[in-house]
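Please look through the sequence and the three-dimensional model before reading on. The report begins with a single side chain and then widens to the chain as a whole.

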Amino acid sequence: MRYVVLDTETTGLDPQLGNRVIEIGCVEIFNRRVTQRNFHTYLNPERDSEPGALEVHGLTTEFLSDKPRFHDKVDEFLDFIQGSTVIIHNAEFDIRFLNAELARLDRPGFRTHCVDVIDSLLHARELHPGKRNSLDSLCDRYGISNAHRVLHGALLDSELLAEVWLAMTRGQDSLVIDLGDTGGVGTLDLGAFDPSVLPIPAVPADELAAHAAYLASLDKESKGQAVWRIWDSVAEAA
């Protein structure tokens, strides 16, 4: 299973007011491992960031002035998320901005370019109702160091969210049993495992005698109806 953890930074809070995407960061997870294969770009929004947004990400107009435009990176970006399930914290925020950018280029909406979208914020709220579920709070909860996160950054936040997601979903992996042609009855392939290599510990005679005495007492109390005796009879008859 291929996942892509995604985050964006923007010039403000509302794309309908002309705010734009200025940074995209993506981190790949494959078979529950961060692969170190990333997509990252800064983007020139051709406008200033709002003061509140600038305080969050620190990406100035001057810094972004020589960066590519969204249309320069869109194909590379869409190729990276193609065929993946995308994980986003507070997904609707990022998707609204990405949809607005794609609409400017007459491209289909974001969700048409990937298999599915998972909102990790909603998942965290289900796991931890009534608690703070910001990225910083989740890093603290799962023991993931975010000391280097002075300002928000799309790639840094995606890297942290990837670790948080793996921690949040640890233990949810299912044991997949290949049904093959067994008519729906699962079989577990042990391969070339040789049980003869397992050690068989010797049981001291006094422990065997104590065990036999205990079973005899249970037989007496159950009037010979102990379950293991019944199964012994069935096995012998078979």
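With which side chain does the side chain of asparagine 146 make a polar contact? The partner is the side chain of aspartate 136, at 2.7 Å, where a polar contact is a pair of N or O atoms within 3.5 Å, and within protein one atom must be able to donate a hydrogen and the other to accept it, while residues adjacent in sequence count only if both atoms are side-chain atoms. This is a predicted model, in which local features need pLDDT of at least 70 and side-chain atom pairs count only at pLDDT 80 or more, while totals for chains, interfaces and linings use all residues. Residues are numbered from 1 along each chain as its sequence is written, and side-chain values use heavy atoms, with hydrogens and water left out.

Asparagine 146 lies in the loop between α6 and α7, and it counts as buried because its relative accessibility is 17%; buried means under 20% relative accessible area, exposed means over 50%, and partly exposed is in between, using a 1.4 Å probe and protein chains only. Leaving aside residues up to four places away in sequence, asparagine 146 touches Asp136, Cys139, Asp140 and Leu160, where contact means heavy atoms within 4.5 Å.

**The chain as a whole**

The chain has nine helices and five strands, which are DSSP runs numbered from the N terminus (H or I of at least four residues for helices, E of at least two for strands). Read along the sequence, they follow the pattern β-β-β-α-α-α-β-α-β-α-α-α-α-α. Of the 238 residues in the chain, 37% are buried. Among contacts with a separation of 6 or more, 65% are between residues 24 or more positions apart.

Glycine 83 lies in the loop between α3 (70-81) and β4 (85-88), and, not counting residues up to four places away in sequence, it touches His113 and Val115.

**A buried histidine**

Histidine 57 is found in helix α1 and is buried, because its relative accessible area is 4%.

| Backbone atom | Distance from a polar atom of the histidine 57 side chain |
|---|---|
| Oxygen of threonine 10 | 3.1 Å |
| Nitrogen of leucine 59 | 2.9 Å |

**Two asparagines with positive phi**

Asparagine 31, in the loop between β2 (21-30) and β3 (33-42), has a phi near 50°, a positive value in a residue other than glycine. Asparagine 90 likewise has a positive phi, of about 65°, although it is not a glycine. Asparagine 90 is found in the loop between β4 and α4, and it counts as partly exposed because its relative accessible area is 36%.

**The lining of the largest pocket**

The largest pocket is lined by 24 residues, and Asp7, Thr8, Glu9, Phe93 and His152 lie nearest its centre. On a 1 Å grid over the protein atoms alone, a pocket is an open set of points where a 1.4 Å probe fits, with protein on both sides within 12 Å along at least five of seven lines, and lining residues have an atom within 4 Å of a point. The largest share of the lining, five residues, comes from β1.
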